[in-house]
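User: Could you walk me through reading an interface and a few strands in a model like this one?

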Amino acid sequence: MKSLKQDWFSNVRNDLLAGLVVALALIPEAIAFSIIAGVDPKVGLYASFCIAVVIAFAGGRPGMISAATGAMALVMVTLVKDHGLQYLLAATILTGILQIIAGWIRLGALMRFVSRSVVTGFVNALAILIFMAQLPELINVTWHVYAMTAAGLGIIYLFPHVTKAVPSPLVTIVVLTAVAIVLDLDIRTVGDMGELPDSLPIFLLPDVPLNFETLAIILPYSLTLMVVGLLESLMTATIVDDLTDTSSDKNRECMGQGVANIASGFIGGMAGCAMIGQSVINVKSGGRGRLSTLSAGLFLLALLMLLGDWVARIPMAALVAVMIMVSIGTFNWASIRNLREHPPSSSIVMVATVAVTVATHDLAQGVLVGVLASGFFFAHKVGRLLGVRSSAEDEGRQRRYSVTGQVFFASADRFVASFDFKEVIDKVVIDVSRAHFWDITAVSALDKVVVKFRREGTDVDVIGLNEASATLVDKFAVHDKDGGADLLTGH
Amino acid sequence: MNQQDRKVLACVDQSHFADTVADYATWASRRMEAPLEFLHVIDRHLEQGSGEDHSGAIGVNAQAHLLNTLSEKDAALARSQREQGRLFLNRLRERALASGAPSADMRQRHGTLDETLAEQETDVRLFVLGRRGASAETTQRELGRNVESVVRAVRKPILAVTEGFTEPRRVMLAFDGSAVTRKGVDMIAGSPLFKGLPVHVLMSGKAAADGPKQVEWARSTLASAGFDVVADIIPGDPEAIIAREIRKRDVDMLLMGAYAHSPLRSLLFGSKTNGVLRSATIPTLLLR
């Protein structure tokens, strides 16, 4: 009861105002992302309305804005090109189902393997892709378009210095549309890009054959959409958590995204997810509760119904200006400065994520490469935490090796190499009680060492193997035990 | 933890009820020889935004910039609240020490009142709070909006006080034979809080078959613990009868079980506890 009230009605005035600001900002974005995906603007607009409204109830992060997004639009380009809109709608519904399953089996917990550098790379790649998607509108056009775009950017960034009461992207759109109409400029408008909504969305089933062939076509796309959607949503949820100093329910968010996408697919909308830029705008405008998300969706639809004909006359140049602002606002500029300050491994992970994403236009592949690279670098670093010291004992008849540190696949070779097999000696004692054997590679490395010594006719005594191999068991965890730290720093 | 080390926790907010809470908490800590602690909870209302910027534009490093702005604002607010609260708590502490509290500590915490009290509960022997607080100063309601949620959140006895302190001379136990009020009888018998005060045990409401037996048990338990006991069964509407008997017998502290039913039921049918808290205008020790 209490949290219901808190989520919905503790910030009514600010939520409604922020919702309006977001709705105004969502219109150009939804149109632009529809164009990226290669579908009519109404597909993105319906999707944005539907996802925003559904997520207001089903989401796990109050105050976060979800709608049709660039990250998702980029994934569906080839599906739309090769198979058409109906397959996109089917893929959207399947994405939703997969996301609900992901939330149900608590896949959100896997987000902890996505390091800070990968997140930065994701965000930067997204900004670059949104920017690149605007380029076709800026190539082979008259100088009017450049002038309009430049003027638009000028208004967006300078108008807030005059007043912060009115959204400056809206001012840009109104001014540029008026200029284009008054001067009767022959430039491309939103109306040229495809159909706009002319009625309220209606329920419809995607017109695809229900067979395995269809599944084979849409499943790969749905899987990628699921991953990209959840990644961006969970990242954005964390950003909103930080901004508002409150917490969110990540698994509920996963399932909420699923429900929203299923609903979107059934009213002819494309798949969407949380939006970093819009969520930042929402928080900045004072939006905190679920009411801000709901009102954003409802205002969006109301504005479309009221202004339908005018939306078609917005010049593409105005949209391009807004989208350039979004990509500039999304890009993590500090990360460029940090390239030199951060450890090279982090920078390589970030750059690799960006590079792979921009090359493939697929955020999922970029993140996968980033995650693999960070795992690789981590293994490499931890592999260096291994030391073997030795001392002669018993008047030179015996040598004692003390092993300290982590022995696993990345350090096993170094482990073997630190023994002197050529030494002529009676007995060798290997004390591993201060080492950790993490996997089978480590155990076989130890076997190899023992066998090599035995071949030389040297007796081998291994001490403390039980303690060292406690880590072999997969359920090994020390964080919940007293003295867990001692266990890892030496027994 | 030893029962003796557990503290009397006085929950105060910056309203004039705080002085009364402090006085009753001092009284309780003196009688029980328990340490006294003043708790001031600062609810930061993170669910509320400050909407000044509706420009909808996001510039370079928008997210980092916004994070800085928001956290600086929060920090400034938290600092001023903290300082204000500290001065206010210090004054209450001096007041408690001056009127003979064995020791008085103070603490400020962030969070909501009910969550904070539930977290603190293990070290507490008795909560003392005002039946109304800062939010009730501007409204006419008889019961502050936090009382029910707080009482429901904790399992320890809570002394809900009204304005103005009078040292308790006579106490009344609203007894209904339930497990909670039977525990209340044991508590009175075993605690130094009411030692030496005359106790009225009153059973009202619908007449129950085993009522006389229950009341007799309560009477004898208290009498054998050395209390001067008057036990009565007066059938009828408990709210009205308890209020009437309190006035008639000049009782100045009431003990009763609290919120035995679910929140939903109390929302639909009203809660007896809330009714009694409204009609009985004396400090009430709520047993959970």
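Analyst: Happy to. Between the two chains, 41 residues of chain A and 24 residues of chain B take part in the contact, where contact means C-beta atoms, placed from the backbone, within 7 Å. This is a predicted model, in which local features need pLDDT of at least 70, side-chain atom pairs count only at pLDDT 80 or more, and totals for chains, interfaces and linings use all residues. Residues are numbered from 1 along each chain as its sequence is written, with chains lettered from A and ligands numbered from 1 in the order in which they are written.

User: How do I read the two faces of a strand?

Analyst: In a regular strand, side chains alternate between the two faces of the sheet. In strand β5 (residues 158-161) of chain B, B:Ile158 and B:Ala160 are buried on one side, B:Leu159 and B:Val161 on the other. Buried means 20 or more other C-beta atoms within 10 Å of a residue's own, with C-beta atoms placed from the backbone.

User: What pairs with β5(B)?

Analyst: Two strands pair if DSSP finds at least two bridges between them. Strand β4 (residues 124-130) of chain B runs parallel to β5(B), joined by 4 bridges, and B:Leu129 has B:Ala160 as its bridge partner. Strand β10 (residues 284-287) of chain B is antiparallel to β5(B), with 3 bridges; there B:Leu285 stands opposite B:Leu159.

Conventions
A residue is buried if 20 or more other C-beta atoms lie within 10 Å of its own, exposed if 12 or fewer, and partly exposed in between; C-beta atoms are placed from the backbone. Helices (H or I, at least four residues) and strands (E, at least two) are DSSP runs, numbered from the N terminus.
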